[in-house]
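Here is a brief report on two sites in one protein model. Look at the structure first, then read on.

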Amino acid sequence: MTDLAQWLAAETDTEGLAGVITAMAAAGAEIAAVLRAAPIAGQTGLAGATNVQGEAQKALDVISNDIVLNHLRANPATSILVSEELDEAVHLAPEGSLMVATDPLDGSSNLDVNVTVGTIFSVLAASGGMLQKGRAQLAAGYIAYGPATSLVVRLTGRTSVFCLDDKGHWVQVVAAAAVPASSGEFAINTARERFWDEATRRYVAENVAGETGPAGKRYNMRWVGSMVADIHRILMRGGIFLYPLDSETLANGGRLRLLYEANPMAWLIEGAGGLSTTGHENILDVEPTHIHQRIPVILGSADEVHRVERWYRQG
Ligand code: P6P
């Protein structure tokens, strides 16, 4: 079976890029070990601090951020780190050519109930500055801490999936992920229905109508409340994830963050034949204005994304 080092050697001859992905994978393996022990160590409680988003930081958010920072500090190719857990960007190796944007522990509010969470990362050329469109990414990935510890990663080719074995090696389990164009599963927090815009309301209503409505087929709904868990399901079997702009998130531009959630996930989904949109444009074409910018996120099976966009075009 192919391992991560062999795959990276085939995917890129840029040593720095392979090095950064190897460093993020190593950070993921270390975080996985910390999370496994966390309930016993009593570490799932709040850290008592708040991050730039004003969210209560869990002790593990801070620990995971430190682990990522330590692994990237040891990597000469990384010159800039943007993290959800840090107000400002951190400057690392001056001679480095790469920038990493990361959510070191996305979905951490689920840790107390043992639900899959993850580390999300995006890699860009530092020369382009911190505010580059997602289409400029050189690589993106996430580590999902679930029943298996999985690394999903894409450079500029297809999106590939690796699992951590009991010896600490990343073994390829899916060479090229493929998101089916058609799906009967959608993921949205339906408790927010009263805030939805008309396009979201009409799209979801079609799905709920199932085979009796215009969609002409039955739908199921899943919402884990942990982006890495929801996206991994969609990457592996299709579906659509929606965290659209709504009347409550409008003032902030959305709920999820562009640089280290939307862009890397869009890169991975599109590397598997899926699509992404804000409702009006492809997520990867959005011009960032701030490192912690929020954005509407709709991504997954192409036919479903197209149907959502049709409702937005109708206004
Ligand atoms: P809600 C977790 O806090 C997160 O950032 C994503 O991982 C997840 O998809 C979303 O928020 C869940 O949001 O409003 O359902 O709690």
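The text below covers the ligand site, then a pocket and one of its lining residues. The model is predicted.

**Ligand site**

The residues around the ligand are D106, G107, N189, W223, G225, S226, M227, F241, Y243, R255, L256 and E261. By class, this shell divides into five nonpolar, four polar and three charged residues.

Taken alone, the ligand exposes 400 Å². The protein buries 82% of that area.

**Second largest pocket**

The second largest pocket holds about 320 Å³ of space. Its lining counts 16 residues. Nearest the pocket centre lie L35, R36, N114, Y145 and G146. Helix α2 (residues 15–41) gives the most to this lining, with five residues. The lining residues divide into ten nonpolar, five polar and one charged.

**N114**

Where does N114 sit in the fold? N114 is found in the loop between β5 (98–106) and β6 (117–125). Its phi is near 60 degrees, a positive value in a residue other than glycine. Is N114 buried or exposed? N114 counts as exposed because its relative accessibility is 72%, and the cut-off for exposed is over 50%. N114 is also among the residues nearest the centre of the second largest pocket.

Terms used
Residues numbered from 1 in each chain as written. Predicted model: local features only at pLDDT ≥ 70, side-chain atom pairs only at ≥ 80, totals over all residues. Heavy atoms only, no water. Helix = DSSP H or I, 4+ residues; strand = E, 2+ residues; numbered from the N terminus. Buried < 20%, exposed > 50% of the residue type's maximum accessible area, 1.4 Å probe, protein only. 1 Å grid on protein atoms, 1.4 Å probe; cavity = no way out; pocket = protein on both sides within 12 Å on 5 of 7 lines; lining within 4 Å. Points joined across faces, edges and corners; volume = space filled by probe spheres on them. Nonpolar A, V, L, I, M, F, W, Y, C, P; charged D, E, K, R; others polar. Near = heavy atom within 4 Å. Areas by Shrake-Rupley, 256 points an atom, 1.4 Å probe, with all protein chains shown as cover.
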